[in-house]
Amino acid sequence: MNADLARYFLWFPNYEDVSYNELISNAISTKNIFVIQQIMLAFFGQLQNNKIFTGFISALFYSCYMYIITTFLSQVSWKNHSITKKEIVIFFGIMLFSFGWVLTSVRNPMANALIAVAIFKDLYLHQKNFSTFLFYFLGISMHVAVIPIIICRVVVGIFVSQPLRRRFFSAILAFLFAFIALRSNILSEASGKIDTYGIGSTGGGFAQYARSSIYYQVNGLFLLLLMFLTLTLLFIIKSKKVMIDTTFCNFMFVVTILAILSYFMPTPLIDRYGMFVELFIPLLIVCVPFNQLTKNTRLLYTTAFLSTGAFGTIWQILFLSYQIDISSFFLNILKGWAFLFT
């Protein structure tokens with residue numbers, strides 16, 4: 001009942017008769033860029049079916065992840081590697097994500113996933129097209145917490161990008177985001193979040209829960225471990241001079257540091273930024289040339305990945321067991337799969 005999802009269920013009846021024109025007009029008049037939340041409430045409130053809304057949350061998040069990893073894998077030269085390795089990498093990422101957190105936090109996971117797609121298209125695929133900007137806009141409109149990720153993208157792009165034209169594009173991107181921020185309520189919303197969760201704040205009451213909840217503590221430590229593991233992957237990629245975009249690697253390094261620092265805030269927020277990094281960990285694993293590492297180092301990383309994947313899966317099940325009837329949950333999954341083949 002403390003989850004964001006519970007509040008959405010309570011809000012839906014208030015939006016059953018709200019029109020989209022009313023929401024959009026009000027957003028324009030108040031310069032409110034975070035209108036996606038109200039549109040979702042109006043759309044799913046009118047459907048009067050909470051299950052469809054929960055399905056939408058998880059479908060959006062995991063579809064973004066699958067787009068990133070499958071698009072990346074389709075461009076990798078595998079030589080003698082089998083399709084099994086691709087499947088292992090894909091499922092490893094799914095084992096890391098906390099399904100319970102994805103579902104109950106609602107906007108933040110979806111915003112992270114949308115921004116992750118924008119970053120992937122922007123920095124890895126180098127697609128500076130309408131769809132890339134659309135994903136940026138949707139991510140920002142979904143949740144203000146992604147603003148630090150955007151700032152990292154702009155700063156890294158301006159000071160690290162090669163060649164010069166990419167730095168110029170990053171500067172244009174910075175100007176565009178600054179213009180939108182000044183013409184909307186981004187700054188006021190961000191200021192409010194900083195007052196609530198920033199240094200010297202009380203965390204708006206959430207800090208006490210985060211410090212006392214065993215789930216949140218264990219989940220935070222697990223993400224912290226993953227962030228340090230990600231840093232080692234990035235260092236190996238850099239030291240072995242792997243052919244991957246330098247700006248993308250530098251951006252991942254900066255965001256990973258952001259996630260680590262967020263753990264030590266008055267209210268630990270590593271779940272906001274650690275989850276974003278998690279979306280790209282399978283991609284980084286594929287980029288690491290393990291055949292160039294020593295036998296002991298390969299064994300160490302194999303053990304680390306197996307352990308994190310196993311723990312991530314077990315932890316998801318334990319968390320869901322605390323929240324829901326886990327046996328009915330898995331039974332419904334099996335029924336769903338069976339329906340597809342009937």
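Which residues in α13 meet which residues in α15? From α13 come Y216, G220, F222, L223, L224, L226, M227 and T230. They meet I270, D271, G274, M275, V277 and E278 of α15. Contact here means heavy atoms within 4.5 Å.

This is a predicted model: local features need pLDDT of at least 70, side-chain atom pairs count only at pLDDT 80 or more, and totals for chains, interfaces and linings use all residues. Residues are numbered from 1 along each chain as its sequence is written, and side-chain values use heavy atoms, with hydrogens and water left out.

**Helix packing**

Helices (H or I, at least four residues) and strands (E, at least two) are DSSP runs, numbered from the N terminus. Axes are lines fitted to C-alpha atoms, for helices over the stretch in contact, and angles run from 0 to 180 degrees between N-to-C directions.

Helix α13 covers residues 214–239 and helix α15 covers residues 270–278. Their axes come within 10 Å and cross at roughly 40°. That makes α13 oblique to α15. Angles under 35 degrees count as roughly parallel, over 145 as roughly antiparallel, 65 to 115 as roughly perpendicular, and the rest as oblique. The crossing of α13 and α15 is left-handed. A crossing is left-handed if the near helix is turned anticlockwise from the far one by less than a right angle, and right-handed if clockwise. By class, the contact of α13 with α15 holds nine nonpolar, three polar and two charged residues. Ala, Val, Leu, Ile, Met, Phe, Trp, Tyr, Cys and Pro count as nonpolar, Asp, Glu, Lys and Arg as charged, and the others, Gly among them, as polar.

Helix α17 (residues 295–323) packs on helix α18 (residues 326–340) at an angle of about 115°, with the axes 8 Å apart. That makes α17 roughly perpendicular to α18. I317, L320 and S321 in α17 meet I326, F329 and F330 in α18. This contact of α17 with α18 has five nonpolar residues, one polar and no charged.

Helix α1 (residues 4–11) and α4 pack at about 140°, their axes 11 Å apart. That makes α1 oblique to α4. The crossing of α1 past α4 is right-handed. On the α1 side, L5, Y8 and F9 meet N50, F53, T54 and I57 of α4. The α1 contact with α4 divides into five nonpolar, two polar and no charged residues.

**The nonpolar core**

A nonpolar core is a set of buried Ala, Val, Leu, Ile, Met, Phe, Trp, Tyr and Cys residues joined through side-chain atoms within 4.5 Å. The largest one has 108 residues. Those with the most contacts inside it are F251, F280 and L283. Helix α13 gives the most to this core, with 13 residues. Beyond its neighbours within four places in sequence, F280 is in contact with I68, A116, I119, F120, F248 and M252.

**Buried and exposed sites**

Buried means under 20% relative accessible area, exposed over 50%, and partly exposed in between (1.4 Å probe, protein chains only).

| Residue | Relative accessibility | Class |
|---|---|---|
| R153 | 2% | buried |
| S98 | 5% | buried |
| L125 | 17% | buried |
| K31 | 47% | partly exposed |
| Q48 | 59% | exposed |

R153 sits in helix α9 (residues 147–160). Not counting residues up to four places away in sequence, R153 touches I119, D122, L123, K128, Y136, F169, S170, L173 and F251.

S98 is in the loop between α5 (83–96) and α6 (99–105). With residues up to four places away in sequence not counted, S98 touches Y215, N219, M275, Q316 and F319.

L125 belongs to the loop between α7 (107–124) and α8 (130–142). L125 touches Y67, T71, Q75 and F120, again not counting residues up to four places away in sequence. L125 and F72 are 53 residues apart in sequence and 8.9 Å apart in space, C-alpha to C-alpha.

**Positive phi**

What is phi of K31 near? The value is near 55°, positive in a residue other than glycine. K31 is found in the loop between α2 (20–30) and α3 (36–47). Q48, also other than glycine, has a positive phi near 55°. Q48 lies in the loop between α3 and α4 (50–74).
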